[in-house]
Amino acid sequence: MLPDKDGPGVGGGQVCPDGEEPSVSLFREYLRLRTVHPQPDYDGALQFLDRIAEELELPMKKIEVCPGKIVSIMTWEGTNPNLKSILLNSHTDVVPVYQEQWKYDAFSAFKDAEGNIYARGTQDMKCVTIQYIQAVRRLKAEGRKLMRTVHLMFVPDEEVGGREGMETFVEHPEFQRLNIGFALDEGLANPGEAFTVFYGERNPWWITIHCPGSPGHGSRFVENTAAEKLRQIINSFMDFREKEKHRLNTSECLTLGDVTTVNMTMVKGGVAYNVIPAEMDVSFDLRIPPTVNLQEFEKQIQQWCKEAGEGITYEFAQKHMNQNITSTKENDPWWSTFSSTCKAMNMTLEREIFPAATDSRFIRAVGIPAIGFSPMNRTPILLHDHNEYLNEQVFLRGIGVYERLIPALACVPAFPDEA
Ligand SMILES: [Zn+2]
């Protein structure tokens, strides 16, 4: 079931001259900003956010976390600002497009007759940014006062790994000063009636295996070649891949986030047709769910290397080890507030491990509970895809969802250690 119809629009129910809901117009305006890699229009985004902060009458802080990478934070102070705060996080950047594959200009925010808005970022995640903003705007217009402080944070570089944004910022004194108790960040669309929420993420491991071997002339049966070892390594990883794929496909209750994915992404080696090379390398992208014992898993990789022959070594380009997950137990005050508020709006939630990576992993790594949630049901998952779109009605209902969630979370009673 969809949540209740959203309430009044910007400034209380006015409609633009062309009949479009002001929230939709604002969303489309934001979508037209080309905050696209490799050269996102950060200035455009900052100017936009400055204007919003002024309209909402909220102070805005800008912190240059790395050169040219600014994290902006609008703060709505609570009636008890000493309590832990609520973070509403979103990233301003979007991934590139293959324009020739799109039906419409990916930065025109074209709206078709069904109300589907086409643009890069409609799902990931400019929708959520505007939904947070419009929900706060309505709550303020109603004169609501919330107990806990609410921070709206806008980070610049989630789509290129977050290293110069959230990953660095969580270690910054300004981040600690925010005193965050609970965070909301991006999720994924759900094609059905339910809404998906994410309470953890898989750990990415990017590994290269070096297979040395005896060189020689291509006309002979040389023993102990790099290629033989490479073949063994590939077999071990690919056999494991098949097992995990089978496990996913034969179990009703598993989703992609619950299994380890393995993909061979690069192979290097060789100089000429008739020269047996002294080394061949193969690289894999592994995504490991938080339920896997990472030490045991690395031992397994070592075993595969040992079995494949002498002298094989490996190195990691990325090796994430943090397995913090956010509690979804009914006795957890944040989760029970989140889930009961959704339930009161007749929303069905599906809890999952996020199959890829978002900035939430950095928030969880410093011990802050975070839920990945983008309120989009009845919507195909099109993030990073051609013709990414979101229907305006789904978008508008999402504002109503946050209009209920934000005050509920900001009114979670003080914990004993907060008094
Ligand atoms: Zn995203």
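Tutor: In this predicted model, local features need pLDDT of at least 70, side-chain atom pairs count only at pLDDT 80 or more, and totals for chains, interfaces and linings use all residues. Residues are numbered from 1 along each chain as its sequence is written.

Student: What angle and distance describe the packing of helix α6 and helix α7?

Tutor: Helix α6 (residues 226–250) and helix α7 (residues 294–308) pack at about 145°, and their axes lie 8 Å apart. Axes are lines fitted to C-alpha atoms, for helices over the stretch in contact, and angles run from 0 to 180 degrees between N-to-C directions. Helices here are DSSP runs of H or I with at least four residues, strands are runs of E with at least two, and both are numbered from the N terminus.

Student: Which residues make the contact between α6 and α7?

Tutor: Lys-229, Gln-232, Ile-233 and Ser-236 of α6 meet Trp-304, Cys-305, Glu-307 and Ala-308 of α7. Two residues are in contact if their C-beta atoms, placed from the backbone, lie within 7 Å. The residues of this contact divide into four nonpolar, two polar and two charged. Ala, Val, Leu, Ile, Met, Phe, Trp, Tyr, Cys and Pro count as nonpolar, Asp, Glu, Lys and Arg as charged, and the others, Gly among them, as polar.

Student: Why are β11 and β14 said to stand at the edges of their sheet?

Tutor: The open sheet has four strands in the order β11-β13-β9-β14, with antiparallel pairing. β11 (261–269) and β14 (313–319) each have a single partner strand, so one side of each lacks a neighbour in the sheet.

Student: What joins β1 to β2?

Tutor: Six bridges join β1 (residues 60–66) to β2 (residues 69–76), and the two strands run antiparallel. Lys-62 stands opposite Ser-72 in β2. In their hairpin, which has two residues between the strands, Gly-68 takes a positive phi near 80°.

Student: Why is the protein called as compact as a globular protein of its length?

Tutor: The protein has 10 helices and 17 strands. Its radius of gyration, 24 Å, is close to the 22 Å that the globule rule gives for 419 residues, so the protein is as compact as a globular protein of that length. The radius is taken over C-alpha atoms, and the rule is 2.2 Å times the number of residues to the power 0.38.

Definitions and conventions:
Two strands pair if DSSP finds at least two bridges between them.
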